Amino acid sequence: MNIALAHAPETLRADRSPRFERVAVSCVFGHPRDLRSWSGAPANVSSAMERLGIAVEAIQPRLGKAAKIGVALTDMLAGLGRPVSSEQVLRGLRARRLMAREVARQASELGVRHVLHTGTFDLPACDLVRTEHYLYCDHSWSLALRHHVHADLYTGKALRAFEEAEREALAGLSHIFTFGAYVRDNLINHYGLPADRVTAVGSGMGAIEPWFGPKDFSKPALLFVAKHLFQAKGGMLLLQAFAQARQYRPDLRLTIVGDERSRAFVGAQPGIELRAHLPWAELQRLYRESTLLVQPMLNDPWGQVYLEAMVSRTPVMGLSRNGLPELVDGGRHGFLVDRADPAALAEAIVSAVSDPARLESMATAAQRHAIGSYSWDRVAEQIVFS
């Protein structure tokens, strides 16, 4: 079922009053109105709610450097291990509670009675008596753990602590909204949340405009987009697969959109061009000119990059995990690779580019699916009126 169209927005507005008329959007990854924070989701959903007449405030809880060090040391003494990333510090209950208190303080200063959290790192809420808290999330800890790049480095005690912290974070929320239906199912089945308190609302995408112009699918122009986290986005896996695929298709070309840090990984491999710090118009042009987005992300929960490619009439390819199977409707609108293995990915690439007619047909269907199913206005409609 198309989750974004599960309820008609017009019906929602006609039958229900808004769940709030004023809300604060909280984000620990940057200012909620900054399009660079959490791939722009807080900013985009805030603007969409404002178009519905909802007054939106911004909350940015921060944990200073000294506080992070203090939390890390305390967690280490408690047996949670030496931190291997800032995420590990934020995922623990001590950091979450500090963030939650900061959210409560800012909400009180703003005089708001409703807070929409974008992620669980500033939960569990500590002011449930006077404030209703909601969550918009793209994954859960149990889902993230399945393919987590640092899972083997965490102590058993840390893994159990993170699971308990996630359970506490999810408790007491008035409603939870998820990007994907697979996340909703996990929150209900694994964390035991009542089904009527969790709604899959999908997501929107970036400012990429749909492309209906000409495109030559006989030219295998591959694209990979990783402005950060090159390895986690599947960059190393793709480089190995591309070298193998090019043995069968020497005409393959790959454009990598990244940053200068990616250059150390890419090197001077034949057929590959690295483009760093592209202006938006140039990125949009690359989406339009490419004939296949190959984005084998190891553990990205959703991936707006897929939607941006689809709306540009560019087929997508990635690993059959997390949100991608849902985004491409089980493979109808994109290519799914079962294993994070260079040989498997290389075989999929060669197969895809060997049938330009199939690429073109898939691209047209995928664009229609993306345009009709995913927008921030639809997300806001369901958050406000469902």
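Visitor: Let's start with F224: buried or exposed?
Guide: F224 counts as buried, because its relative accessibility is 0%. Buried means under 20% relative accessible area, exposed over 50%, and partly exposed in between, using a 1.4 Å probe and protein chains only.

Visitor: And what sort of model is this?
Guide: The model is predicted, so local features need pLDDT of at least 70 and side-chain atom pairs count only at pLDDT 80 or more, while totals for chains, interfaces and linings use all residues. Residues are numbered from 1 along each chain as its sequence is written, and side-chain values use heavy atoms, with hydrogens and water left out.

Visitor: Okay, how many aromatic pairs does the count come to?
Guide: The count is 12 aromatic pairs. The rule takes rings of Phe, Tyr and Trp (its six-membered ring) with centres within 6.5 Å; planes under 30 degrees apart are stacked, over 60 edge-to-face, the rest tilted.

Visitor: Why is the pair of F224 and F230 edge-to-face?
Guide: Their planes sit at 85 degrees, so the pair gets that label, and the ring centres are 5.7 Å apart. F230 is buried too, with a relative accessible area of 4%.

Visitor: What about the rings of W302 and Y374?
Guide: That pair is also edge-to-face, because the planes are at 70 degrees; the centres are 6.2 Å apart. The two residues are 72 residues apart and link distant parts of the chain: W302 is in the loop between strand 10 (292-294) and helix 12, and Y374 is in the loop between helix 15 and helix 16 (376-385). Helices (H or I, at least four residues) and strands (E, at least two) are DSSP runs numbered from the N terminus.

Visitor: Which residues do ring pairs link into a cluster?
Guide: W38, Y136, F179, W302 and Y374.

Visitor: Switching topic: where do helix 12 and helix 15 meet?
Guide: L307, M310 and V311 of helix 12 touch A363, A366, Q367, H369, A370 and I371 of helix 15, where contact means heavy atoms within 4.5 Å. Those contact residues are seven nonpolar, two polar and no charged. Ala, Val, Leu, Ile, Met, Phe, Trp, Tyr, Cys and Pro count as nonpolar, Asp, Glu, Lys and Arg as charged, and the others, Gly among them, as polar.

Visitor: Last one: why is helix 2 largely enclosed?
Guide: Eight of its 11 residues (helix 2 is residues 41-51) are buried, so the rest of the structure largely encloses it. Among the buried ones are P42, N44 and M49. The cover over the buried residues includes strand 1 (22-26), strand 2 (55-59), strand 3 (114-118) and helix 16.
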